[in-house]
Amino acid sequence: QVQLRQSGGGSVQSGGSLRLSCVQSGYTYCLGWFRQAPGKEREKIATIDADGVAIYADVVKGRFTVSRDRGKNSVYLQMNSIKAEDAAMYYCAASRGKLVGGTLSCESGDYNYWGQGTQVTVSS
């Protein structure tokens, strides 16, 4: 039904910037970015709805920005002021969202469709 294809990633110096891209086949109300470092649980970084409203995890707030281009059916993660702790495998994912109080919530939605992942490494 929905497929996600990621690009970007790579190595970056601490304090540097990197931009990840994800192209979606099909459509969902919600898109999100997740990451997982070796030996750690998968972590939600940010979600964005069809109106461009984004919610960020505290650990990336103010440094990362998620955006969505519906014309290109793509979602992006702009990573600035990268820290060593940001090194991980990054995934984009899609969700139909969850109805909460009459409003679709992307934060609460189940993300059932996943990109293949892209590695981000950070050098000091």
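1. Secondary structure. The protein has zero helices and 13 strands, where helices (H or I) need at least four residues, strands (E) need at least two, and both are DSSP runs numbered from the N terminus. Read from the N terminus, the order of elements is β-β-β-β-β-β-β-β-β-β-β-β-β. The radius of gyration of the protein is 14 Å, close to the 14 Å from the globule rule for 124 residues, so the protein is as compact as a globular protein of that length. For your own check, that radius is taken over C-alpha atoms, and the rule is 2.2 Å times the number of residues to the power 0.38.

2. What kind of model this is. Please keep in mind that this is a predicted model, in which local features need pLDDT of at least 70 and side-chain atom pairs count only at pLDDT 80 or more, while totals for chains, interfaces and linings use all residues. Residues are numbered from 1 along each chain as its sequence is written, and side-chain values use heavy atoms, with hydrogens and water left out.

3. Overall dimensions and surface. Along the principal axes, the C-alpha atoms of the protein fill a box of roughly 45 × 25 × 25 Å. The accessible surface comes to about 6500 Å², and carbon and sulfur atoms hold 46% of that surface; accessible areas here come from the Shrake-Rupley method with a 1.4 Å probe, and for residues only the protein chains shown count as cover. Of the 124 residues, 44% count as buried. Buried means under 20% relative accessible area, exposed means over 50%, and partly exposed lies in between (1.4 Å probe, protein chains only).

4. Among contacts in the protein with a separation of 6 or more, 57% come from residues 24 or more positions apart; a contact means heavy atoms within 4.5 Å. There are 14 positive and 10 negative side chains, and the centres of the two sets lie 5 Å apart. Lys and Arg count as positive and Asp and Glu as negative, with His and the chain ends not counted. Each charge is placed at NZ of Lys, CZ of Arg, CG of Asp or CD of Glu.

5. The largest nonpolar core. This core has 26 residues, and those with the most contacts inside it are Leu-20, Trp-33, Leu-77, Met-79 and Tyr-90. By definition, a nonpolar core is a set of buried Ala, Val, Leu, Ile, Met, Phe, Trp, Tyr and Cys residues joined through side-chain atoms within 4.5 Å. Two or more residues each come from strand 3 (18-25), strand 4 (30-36), strand 5 (43-48), strand 7 (64-69), strand 8 (74-79) and strand 9 (88-95). Strand 9 gives the most, with four residues. In soluble globular proteins, nonpolar side chains tend to be buried together.

6. Not counting residues up to four places away in sequence, Leu-77 touches Leu-18, Arg-19, Leu-20, Trp-33, Phe-64, Thr-65, Val-66 and Tyr-90.

7. Tyr-27. This residue sits in the loop between strand 3 and strand 4, and its 40% relative accessibility makes Tyr-27 partly exposed. Leaving aside neighbours within four places in sequence, Tyr-27 is in contact with Val-2, Ala-50, Arg-68 and Arg-70. Tyr-27 and Ala-50 are 23 residues apart along the chain, and their C-alpha atoms are separated by 9.6 Å.

8. The loop between strand 8 and strand 9. Both Asn-80 and Ser-81 lie here. Asn-80 is partly exposed at 28% relative accessibility, and, neighbours within four places in sequence aside, Asn-80 is in contact with Gly-16, Ser-17, Arg-63 and Phe-64. Ser-81 is partly exposed at 40% relative accessibility and has a positive phi of about 50 degrees although it is not a glycine.

9. Another positive phi to look at. Asn-73, in the loop between strand 7 and strand 8, has a positive phi of about 55 degrees although it is not a glycine. Asn-73 is partly exposed, with a relative accessible area of 23%.

10. Two exposed positions. Ser-11 belongs to strand 2 (residues 10-13) and is exposed, with a relative accessible area of 62%. Lys-40, in the loop between strand 4 and strand 5, counts as exposed at 55% relative accessibility.
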